[in-house]
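Please keep the viewer open as you go through the points.

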Amino acid sequence: MIRDKILVVEDDSGILNYLTTTLIAAGYDVYSADHGKAAIQLASSHCPDLILLDLGLPDMDGVAIISAVRSWTSTPIIVISARDTELDKAGALDLGADDYLSKPFGTVELLARIRTALR
């Protein structure tokens, strides 16, 4: 059976570890990046089936990653961010994100949103 590949882009090591562990346990192959430039490189070289993206990264804003990725692929992007204003959410969705999950979030909801995006 072919497993879906998920690229997790998160600079907080604790959250990155949680997401990676959760996704592997749920049966996904996981790649990770803690910087925007590495995320763009991994997205282009590994062709993930889905991208989980934090907006607050040390080297670039996540919305720039959305724009860059959207220039060559329609891979689903789920934003996971502490930015929870309506403008932040609308901005990311308007740029091409497929879904937006505010931190903190639950595992059940996260996995349900991933399944929905991968359909």
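1. In what sense do strand E3 and E4 pair, and over how many bridges? Strand E3 (residues 50-53) and E4 run parallel, and three bridges link them. Strands count as paired if DSSP finds at least two bridges between them. Helices (H or I, at least four residues) and strands (E, at least two) are DSSP runs, numbered from the N terminus. If you want a landmark for this pairing, look for Ile51, which stands opposite Ile77 in E4.

2. A word on the basis of these notes. This is a predicted model, where local features need pLDDT of at least 70 and side-chain atom pairs count only at pLDDT 80 or more, while totals for chains, interfaces and linings use all residues. Residues are numbered from 1 along each chain as its sequence is written, and side-chain values use heavy atoms, with hydrogens and water left out.

3. Now the whole chain. Its secondary structure comes to five helices and five strands, and along the sequence they follow the pattern β-α-β-α-β-α-β-α-β-α. The radius of gyration of the chain is 13 Å, close to the 14 Å that the globule rule gives for 119 residues, so the chain is as compact as a globular protein of that length. That radius is taken over C-alpha atoms, and the rule is 2.2 Å times the number of residues to the power 0.38.

4. Buried means under 20% relative accessible area (1.4 Å probe, protein chains only). Both faces are covered, with Ile77, Val79 and Ser81 on one side and Ile78 and Ile80 on the other.

5. E4 also has strand E5 (residues 99-102) as a partner: the two run parallel and are joined by four bridges. Here Ile78 stands opposite Asp99 in E5.

6. Next, follow the helices between these strands. E3, helix H3 (residues 62-70) and E4 make a right-handed β-α-β unit, and E4, helix H4 (residues 86-95) and E5 make a right-handed one as well. Right-handed means that, with the strands pointing away from the viewer, the path from the first strand over the helix to the second runs clockwise.

7. Finally, visit Ile40 in helix H2 (residues 36-46). Leaving aside neighbours within four places in sequence, Ile40 is in contact (heavy atoms within 4.5 Å) with Met60, Ile65, Ala68 and Trp72. The C-alpha atoms of Ile40 and Ile66 are separated by 9.3 Å, although these residues are 26 apart along the chain.

Definitions and conventions:
Buried means under 20% relative accessible area, exposed over 50%, partly exposed in between (1.4 Å probe, protein chains only).
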